[in-house]
Amino acid sequence: MNPSTLRLDSSAIYAPPIPPPYRSGGQGCRFLPLQLRKMAAPAFSLTVCSAKQTSAVVESGEATESRLSRIESLSQVSGVLGCQWGDEGKGKLVDVLAKHFDVVARCQGGANAGHTIYNSEGKKFALHLVPSGILNEETICVIGNGVVVHLPGLFKEIDGLEANGVSCKGRILVSDRAHLLFDFHQEVDGLREAELAKSFIGTTRRGIGPCYSSKVIRNGIRVGDLRHMDTFPQKLDLLLSDAASRFPDFNYGPDMLRDEVERYKKFAERLEPFITDTVDFMSETISQSKKILVEGGQATMLDIDFGTYPFVTSSSPSAGGICTGLGIAPRVVGDLIGVVKAYTTRVGSGPFPTEILGKGGDLLRFAGQEFGTTTGRPRRCGWLDIVALKYCCQINGFSSLNLTKLDVLSELPEIEIGVSYKQLDGSPIRSFPADLRILDQVKVEYEVLPGWKSDISSVRKYSELPSAARQYVERIEELVGVPVHYIGVGPGRNALIYK
């Protein structure tokens, strides 16, 4: 199936919903917003541009001036947050902006975040705990108190960076207030998903939810506790005993405790140079008029309060998580940039009103290489959902948007945008509903815009985009009321248009 052999039917098709539990992984059909009709049947062919191909484009003086002006106008404390269900490409923007900031900080989540970035030579780095500013040598990277830290994973990530010539010494600070995520949290995550059977959440099984559960019920272990190995065994025993009492299939005994304590004695020694009172560090950084960039993990539609609960993450990836996850006062938080794909993806279970299934979903998945950085799972794909995007903008107060992966849509003759929801009786739904029963029954209204049918991966000036591509960008701005300042047209560092 070649993208050029597909065309879109402009009449939106609605399929009756399959009752919850929601499926995972793109099988079955609940919403079918379009028909993709095959005009011919050649063998499937797909070309994916590498970062090296796009990085060969030389930036003009005018483009450089536009880029610097846009970046330097950002406030002292700025943030990059996801506008959808994660995987929007936040890491790339953070990496690009990092050289203009003194500190890049993670405020929530854990190794369930998967941020893919490329260095100046086009080499790919997949980060999960280390902030995406690490490739910029002058940047200090902070793992804040709101993050849950799996030490084996963190050390593996650091070792991988060091092996590839990226110095981490003295550049990564881990909050003494951050909670430790143990291997048993990951095991418990899987046991919990197995219990839920067909109603499973579709987590990454990285132990994030169970670790936050330990934190909230107040028997968690924090990074600072590694400095008191005399009481560490008792605290760990309490945690493991609690898991054993809750899950019959979790086998816990004295040997497990002894082995884990010995392991963490070594971890404590290695981690000591990284441990910092990051609340004080961030306060001092602000008082010294240094610049801080906050890197969000996941996205607002996965927020524990504002997302499609219970199909959400266990933290607050929206604006409020910046203050609680770093100890930064709300009044100092300035520009927030929302990152949104030119289409929509989701991993795991949960509602997805604009989802495209079958060949149409496959087209976007392979063209956009939509497979999870953390899990490798295929992402569910669909059209851009303006209702969800406006909701995210309302919650976060974004000053601008970064529209990513616009190049992925280049081969489509027509592009649809989900602009509103209606009940089955035709009555309008004002905003994104909290009630999943209502969300399960919405009918999505679509606008159809013309495609541009040309390669835009080498374009670096907004005025040089095809008129249809500019029309698409400007229609999004009009619908959500927030300007698009950054447009991604490829995976490489410089495959970015500053508008």
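Predicted model: local features only at pLDDT ≥ 70, side-chain atom pairs only at ≥ 80, totals over all residues.
Helix H12 (residues 386-396) and helix H14 (residues 467-480) pack at an angle of about 60 degrees, so H12 and H14 are oblique to each other. Their axes lie 10 Å apart, and the way H12 passes H14 makes a right-handed crossing. As for the residues that meet there, H12 brings Ile 386, Leu 389 and Lys 390, and H14 brings Ile 476, Leu 479 and Val 480.

Now for the protein as a whole. It has 14 helices and 23 strands, and 55% of its 499 residues are buried. Looking at contacts with a separation of 6 or more, 77% of them link residues 24 or more positions apart. The accessible surface comes to about 20200 Å², and carbon and sulfur atoms hold 51% of that area.

Then there is the sheet. It is an open one of 10 strands with mixed pairing, and reading across it gives the order E11-E9-E7-E4-E12-E3-E13-E18-E22-E23. Strand E11 (275-276) and strand E23 (496-498) stand at the edges with a single partner strand each, so one side of E11 and one side of E23 go without a neighbour in the sheet. Helix H3 (residues 90-98) packs on this sheet, and its direction makes about 160 degrees with that of E3. The strands that H3 touches are E3, E4, E12, strand E13 (336-341), strand E18 (400-404), strand E22 (484-488) and E23.

Strand E12 (residues 292-295) deserves a look of its own. In the sheet order, E12 sits between E4 and E3. Strand E3 (residues 77-82) pairs with E12 in the parallel sense over 4 bridges, and strand E4 (residues 103-106) also pairs with E12 in the parallel sense, over 4 bridges. Val 294 of E12 takes part on both sides: Gly 79 has Val 294 as its bridge partner, and Ala 105 stands opposite Val 294 too. One more pairing joins Val 104 to Leu 293 in E12. What covers the faces of E12 shows up in its side chains as well: Ile 292 and Val 294 on one side are buried, and so are Leu 293 and Glu 295 on the other.

Note on methods:
Residues numbered from 1 in each chain as written. Heavy atoms only, no water. Buried < 20%, exposed > 50% of the residue type's maximum accessible area, 1.4 Å probe, protein only. Helix = DSSP H or I, 4+ residues; strand = E, 2+ residues; numbered from the N terminus. Pairing = 2+ DSSP bridges. Contact = heavy atoms within 4.5 Å. Axes fitted to C-alpha atoms, helices over the stretch in contact; angles between N-to-C directions. Areas by Shrake-Rupley, 256 points an atom, 1.4 Å probe, with all protein chains shown as cover. Parallel < 35°, antiparallel > 145°, perpendicular 65-115°, else oblique. Left-handed = near helix turned anticlockwise from the far one by under 90°.
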